[in-house]
Amino acid sequence: MNHDLYEFLNTDLQFIKGVGPMLAARLDELLGGRRVLDFLLHHPSYVRARGITENILDATPGDTITVPLLIKSHKRGSAFGRGRRRPTQIICSDKMNNTVIIQFFHSKFLDYWLTKMPVGTWRIISGKLERTTRPTINHPDFIEELHNASKIPSAQAIYPSSEGLTQKIFSNIRDQIFALLPDKLRSESDERIVEFFDALTHIHYPKSDDDLAPNNTNVAKLAYYELFAHQSAIAISRRKRSDVQNRRVPRPKKYSLMERFWSLLPFEMTDAQRRTCDEIFTDLSSATPMMRLVQGDVGSGKTIVALAAATKMAETGAQTALLAPTDTLAQQHYVKIKPMCDSMGIVCDVLTGRDKGVARREKLTSLRSGRTKIVVGTHALFSNDVDYKDLGLVIIDEQHRFGVAQRQALRDKGANPDVLALSATPIPRTLSMTIYGDMDISIINQKPAGRKPIKTTKISSARISELVERIRTQIASGAKVFWVCPLVEDGDNESTATAAEQRHATLLKYFPTTGLVHGKMDKRQRDDVMAKFADDNSDMNILVATTVIEVGIDVPRASIIVIENAENFGLAALHQLRGRVGRGDTQSYCILLFGRNLSPDGAKRLDILCETDDGFVIAEQDLMMRGVGELLGTRQSGWLHYHFVDYREHRDLFKLASNAARTIDDTDSFIRSMLYIFDCGVVQGA
C-alpha cells in the first residue's frame, strides 16, 4: 500500500475530528487499539430500520420508529426518596393528536430541552417505542427540526459498543474516516488494495442486514482476505522453521532407553498411538525443530505417547518439560509416569507453585545440573528462577489453556526445543487448519484395548430421587460418582450461590461423605478435595462439582457421571465431561438430566451425545449448531478470533485461502499489506 494510506491507517483516533484523547481511550478499550485501522476492522453487527409513521397507533411497541411530533408541554424531573429522580418528560402529540411521552432519565437540564424542543414547535423524533400504558420514547436517538429530517437514517448501522459509546459517536467517526479515505486511495496502484477498501466501505454503510450477512459478496471477500492473511503468515512461519538458520544438528543417541520403555508398557499400544509415536520420532531426528499437535479424545492414551517422546529425548541426554494447566493434572501426570521413569533409570520430578524453600531449591538445582531429565509442572516451569541445562522437548498438555506468550516463555528456556502439544478437545478440520495451521497434526482416534464404551442416557430431572437410589447400589459395589451442576444465581439472595452447593446439601442427606468443588473455592482447597476423591482409599464416593472438573482429574474408579441441566451445555463440553469416566475396565455410565423446558435444539444435542462417542463427529455437530464462540469458549486464550470470518458459512474459503497461501511470494506488497492489516506478525501454534 502507498505511504499516505499506511500513515492514515496508523493515525491515532484522537486526531479524527470530534474524538479527542478521552474518547480515543474509551475506544481503545473496546477495539483493542486506537488507530483508524482498529476502527475500520470493528464493523457493524446489524442494521436498525427506522420505520416512518405519522400515527403512533400504527407502530408496534418495541420497534424503532421515526415520527413527527408537536411539542405541547414540559415536565421537570424531580427528586423522590433515597436520591432517586423522576424523569424529565416532554408531552407531545402526533398528527392524529395521539399523545406521546418523550422521557429523559437522570436529567436535571430542563432548560436544554426547552431550547431543543420549544413548546408549540414540530420535531421529528426517532427512537424505540416502549411497551408502557402510554406511547413512550425514552432518550430518543435523534431529535431534528422537520427540515433536517434527512439527517435521520432510514437504516442505521449498529456497532458493537460499550458504556459511554453511543451509536452517534460511531457514525460520526465513521463518516469522518470515510470522507478522508478516498484521497488516501487516489495514488494507490494495487487494485487489490482498492478492492479491499471498497468492500470495507460497503459493510460500514449497510442498507439492510443482508449487507452484513456472511454470504454477502463484500463480507465474503473480506473474510477471504482475512483468511488469506493468516494462512500466509502460517506458510511463512513453516518456511522459517525450515530455513537453514533455524536448523539444528540432530541429537546423537547416548543411552538405550526405548527398548526398556516398550518392555515396561502394561498394555499394547493401539495402532493410532504407534503411528503417532513414529511421527514424533521422525520429527525428533529431523534437522527442523518439531512443532506437532496430538489430538485425541479423553482416555485415548496421549499421556503414554508423550512419555514415549520424553524417553526418546532422554536417550540423547536432553531434558523434557511437560506443562499442565492445573496442579492436580500435573500431580496426576507425575504419579502416572514416575514408576516407569524409575524403572528406566530416568530422573523425573514435579514442579508447581506449591514447591517452596529447600525442596524447591533442590529441584531447581537438579534441573540446572541436567540430572532431572523429565519435569512435570504448571506455569512454575517457566518462572524466572528456573533454568535447564539442555531443554530439548516441551510438551504442552491441553495447550489451548495457555496463551501464546506463556507457551513461548517455556520454549525460551531452551535453544529452539522441539514442541509437542496435546489436546483432548477434538476440533473440526476447518478449525484445525486455522488454529494449528503452523503445526503438524497427529490424531489418536482409537481407545485403548479393554475400554468399554460409556453408556449415555438422558432422563428427566423429575426422576432424581429414582436416580439417587440407583447410585446408592452402584456405590455399594465400589463405584465413584461425579455429579456436575451448572453455575446459577440465587434470586432470593444477594450473594451468588451455585446449584452445586444446593445439590451437595441434598446429597449429604443420603451420602454423608459427599465432596464439593467449584470455581469460587480456594484453589488449594479445591485441589485437596479432588485429590481425596481420586484416592482409592478415601471414603468420598461422590464429588459434586461445576465444570472445574472438565479437565484435570483422573479417577479410574469413577464409573458414573451425572450432568444436571445438560441441555444448557454445548456438545463439546458435555463430551469433555463424559470423558471423566470410563477410564477403568468396568462399565461406565453418563446420565444427562434435563429440565422441564427442553428446547428442540437442546434435545438434539442430548440425542447426538447418546448416539455417538466420536469426539470429532460431536465437535463438527457442535460447530454447526452453536458456532465457534460456543465451541471454543472464552477460556481458549491461545485461539484465534476473526473480524469477518464465520466458521460455519465460510468453510469453503478456508481451503481456497490455504491453497493460495502456499504459492505466495513473501515480498509481494499486497501480502505484506494484508499481514499488516490483520496483525499477523505473531502466528498461532505452540
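These legends walk through several close-up views of one predicted model.

In this predicted model, local features need pLDDT of at least 70 and side-chain atom pairs count only at pLDDT 80 or more, while totals for chains, interfaces and linings use all residues. Residues are numbered from 1 along each chain as its sequence is written, and side-chain values use heavy atoms, with hydrogens and water left out.

**View 1. The whole chain, to get our bearings.** The chain holds 23 helices and 22 strands; helices (H or I, at least four residues) and strands (E, at least two) are DSSP runs, numbered from the N terminus. Of its 686 residues, 53% are buried, where buried means under 20% relative accessible area with a 1.4 Å probe, protein chains only (exposed is over 50%, partly exposed in between). Contact here means heavy atoms within 4.5 Å. Among contacts between residues at least 6 apart in sequence, 73% join residues at least 24 apart.

**View 2. The largest nonpolar core.** A nonpolar core is a set of buried Ala, Val, Leu, Ile, Met, Phe, Trp, Tyr and Cys residues joined through side-chain atoms within 4.5 Å. Look for L13, L27, I177, F196, F197, M674 and F678, which touch the most other members of this 58-residue core. Several helices each supply at least two residues, including helix 1 (3-9), helix 5 (167-185) and helix 23 (669-677). Helix 7 gives the most, with 9 residues. Zooming in on I177, you will find that it touches F8, L13, I16, V36, F39 and L40, leaving aside residues up to four places away in sequence.

View 3. Angles run from 0 to 180 degrees between N-to-C directions, and axes are lines fitted to C-alpha atoms, for helices over the stretch in contact.

**View 4. Helix 11 meets helix 17.** Helix 11 (residues 327-344) and helix 17 (residues 523-534) pack at about 40°, with their axes 9 Å apart. The two helices are therefore oblique to each other (angles under 35 degrees count as roughly parallel, over 145 as roughly antiparallel, 65 to 115 as roughly perpendicular and the rest as oblique). D327, T328 and Q332 of helix 11 make the contact with K523, D527, M530 and A534 of helix 17.

**View 5. Strand 22 and its two parallel partners.** In strand 22 (residues 589-594), 5 of the 6 residues are buried. Strand 17 (residues 455-460) runs parallel to strand 22 and is joined to it by 6 bridges, while 4 bridges join strand 21 (residues 558-563) to strand 22, also in parallel. I591 of strand 22 is a handy landmark: T457 stands opposite I591, and I591 is the bridge partner of V562.

Notes
Pairing = 2+ DSSP bridges.
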